Amino acid sequence: MIRKTLQATCLALVASVAMAGDAEVKPLTQEAFLALPSQGADAPFVLDVRTPEEYASGYVPGAVNIPHDQLASRLAEVPKDREIVLYCRSGRRALLAADVLAAQGYKDLDHLQGDIVAWVENGRPVEKPRDPAACIAALKGGEAATRACAGI
């Protein structure tokens, strides 16, 4: 019940932000996300905007971590020529990040429905860094993901 309420709240928030014109972010179901290519030029750039500690506890395979509060200073790491799929824990930070990206001209923005909570609840695959402590230290320092952040 709580999960369904959270999902409904997130969907309403996504819709209200999109209608307000602040960001053009589309909801993306987990099933639709899984049907997208995971590699190559057509694969989306998956952006996890949670904290480094949250990221190190498990992330959507292939996701890059740039905390939402670092995104504005790390835009060079986010490609403009690919679809961007954003997620966080509950949706709030993903929508804040989408606003930052939209303000900088990013067009193809999607929000993974249910974020990481629903992803895990649905038994979807999760990766964890090889060296969580080194990964967290690098990400906190504003560095791009290092080998320590590579998934196992």
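This briefing covers the nonpolar cores and the aromatic rings of the structure. The model is predicted: local features need pLDDT of at least 70, side-chain atom pairs count only at pLDDT 80 or more, and totals for chains, interfaces and linings use all residues. Residues are numbered from 1 along each chain as its sequence is written, and side-chain values use heavy atoms, with hydrogens and water left out.

**Nonpolar cores**

- A nonpolar core is a set of buried Ala, Val, Leu, Ile, Met, Phe, Trp, Tyr and Cys residues joined through side-chain atoms within 4.5 Å; buried means under 20% relative accessible area, with a 1.4 Å probe and protein chains only.
- The largest nonpolar core has 18 residues, and L47, L71, V78, I84, L86, L101 and L109 touch the most other members.
- Two or more residues of this core come from each of β2 (45-48), β4 (84-87) and α4 (92-103); helices (H or I, at least four residues) and strands (E, at least two) are DSSP runs, numbered from the N terminus.
- Another core, of 16 residues, lies apart from it and includes V60, V85, C135 and C149.

**Aromatic pairs**

- There are 2 aromatic pairs in the structure; rings of Phe, Tyr and Trp (its six-membered ring) pair if their centres lie within 6.5 Å, and planes under 30 degrees apart count as stacked, over 60 as edge-to-face and the rest as tilted.
- F33 and W119 are edge-to-face, at 5.6 Å centre to centre and 75 degrees between the planes.
- F33 lies in helix α2 and W119 in helix α5, so this pair ties together parts that are 86 residues apart in sequence.
- Y55 and Y59 are stacked, at 4.1 Å centre to centre and 10 degrees between the planes.

Note on methods. Buried < 20%, exposed > 50% of the residue type's maximum accessible area, 1.4 Å probe, protein only.
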